[in-house]
Amino acid sequence: MFRELDVGQSALLTDIAMCINYYRLFTPGLYCCVNVAVQLDSGTRFGAGIVVQVNHGVLKQCEPNYGFDGPPNFVLDVFPGGDLLDYEHRRECFERAQVREYVALQDTDPVQWFWNRLIDGKFSVIESADNELIMSAALPGLWIPSYSLKNRNWWAIMAAIARGVSRVGHHEFMDTICKGGRNRTEEEIRQTLHDYHSGRMGQNA
């Protein structure tokens, strides 16, 4: 169930987990776990590198148990530089289960990745130039500069996250978690859900 990581892969997982957990510190109501089991359905179970789950409100998708039962909002795995192993199978299963974003990092120099976002029910790979930010739709406010990720500049990534969580998209996200959307009309809640499930929530800078 769990793939063994070598030292380089484990170090990369630890560093990116530090950044994602930094985001979690600004976002009460999330679970952020490392090397945890995910039971997508009765016959599909994986050990995932990083899992982030919305634990309250209308965007909650799974339940914490021994691991997680159901599709988390965000999953990240680390793979060796020369072999993506079971990446395609995992991608297909996470897409079928409707995980909102699935990221595969490769332990290369520079780091390479596939950032899969669920848009209208299907994964699309999000491309970004070196001078652009990867702006998560599953976790609004999680901003990652492409150049910094490529070159393992974790301080620059955390600085970008600190900016991202100050923007409207993150505030709207927090409203769905902390207040369950109680300050919004039914139409506004429906629009938020539509934007989230279409991969468009929180993309405004």
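Contact here means heavy atoms within 4.5 Å. With that in hand, take Lys-60: leaving out residues up to four places away in sequence, Lys-60 touches Gln-53, Val-54 and Asn-55.

## What you are looking at

This is a predicted model, in which local features need pLDDT of at least 70 and side-chain atom pairs count only at pLDDT 80 or more, while totals for chains, interfaces and linings use all residues. Residues are numbered from 1 along each chain as its sequence is written, and side-chain values use heavy atoms, with hydrogens and water left out.

The protein chain has six helices and ten strands; helices (H or I, at least four residues) and strands (E, at least two) are DSSP runs, numbered from the N terminus. Of its 205 residues, 49% count as buried. Buried means under 20% relative accessible area, exposed over 50%, and partly exposed in between (1.4 Å probe, protein chains only). Among contacts with a separation of 6 or more, 58% are between residues 24 or more positions apart.

## The cores

The largest nonpolar core has 35 residues, and those with the most contacts inside it are Ile-50, Phe-74, Leu-76, Leu-105, Leu-139 and Leu-149. (A nonpolar core is a set of buried Ala, Val, Leu, Ile, Met, Phe, Trp, Tyr and Cys residues joined through side-chain atoms within 4.5 Å.) At least two residues each come from α1 (7-25), β1 (30-41), β2 (44-54), β5 (74-80), β6 (101-107), β7 (112-119), α4 (154-164) and α5 (168-178). The largest share, seven residues, is from α1. Apart from this core lies another, of 19 residues, and Phe-46, Cys-62, Phe-68 and Ala-97 are among them.

Setting aside neighbours within four places in sequence, Leu-105 is in contact with Leu-12, Ile-16, Leu-76, Asp-77, Val-78, Phe-79, Val-111, Gln-112, Trp-113 and Leu-149.

## Helix α2

Helix α2 covers residues 87-97, and its buried residues are Tyr-87, Arg-90, Arg-91, Cys-93, Phe-94, Glu-95 and Ala-97. What do they pack against? The buried residues of α2 meet β1, β2, β5, β6, β7 and β8 (122-125).

## Two loop residues

Thr-27 sits in the loop between α1 and β1, and it counts as buried because its relative accessibility is 0%. Its side chain reaches the backbone oxygen of Tyr-23 at 2.9 Å and makes a polar contact with the side chain of His-170 at 2.8 Å. A polar contact is a pair of N or O atoms within 3.5 Å; within protein, one must be able to donate a hydrogen and the other to accept it, and residues adjacent in sequence count only if both atoms are side-chain atoms. Not counting residues up to four places away in sequence, Thr-27 touches His-170, Phe-173, Met-174 and Ile-177.

Back to Lys-60, which lies in the loop between β2 and β3 (63-64). With 30% relative accessibility, Lys-60 counts as partly exposed. The side chain of Lys-60 makes a polar contact with the side chain of Glu-63 (3.2 Å). The C-alpha atoms of Lys-60 and Ile-177 are separated by 8.5 Å, although the two are 117 residues apart along the chain.

## Salt bridges

There are seven salt bridges in the structure, each a side-chain nitrogen of Lys or Arg within 4 Å of a carboxyl oxygen of Asp or Glu. Asp-86 pairs with Arg-3, with the closest N and O atoms 3.7 Å apart. That pair links distant parts of the chain, 83 residues apart: Asp-86 is in the loop between β5 and α2, and Arg-3 is in the segment before α1. Asp-86 also forms a salt bridge with Arg-90, at 3.0 Å between the closest N and O atoms. Arg-90 counts as buried because its relative accessibility is 1%, whereas Asp-86, at 24%, counts as partly exposed.

Arg-152 and Asp-107 meet in another salt bridge (2.8 Å, N to O). Here Arg-152 is in the loop between α3 (146-150) and α4, and Asp-107 is in strand β6, 45 residues apart. Arg-152 is partly exposed at 29% relative accessibility, and Asp-107 is partly exposed with a relative accessible area of 22%. Salt bridges that share partners also join Arg-3, Asp-77, Asp-86 and Arg-90 into one network.
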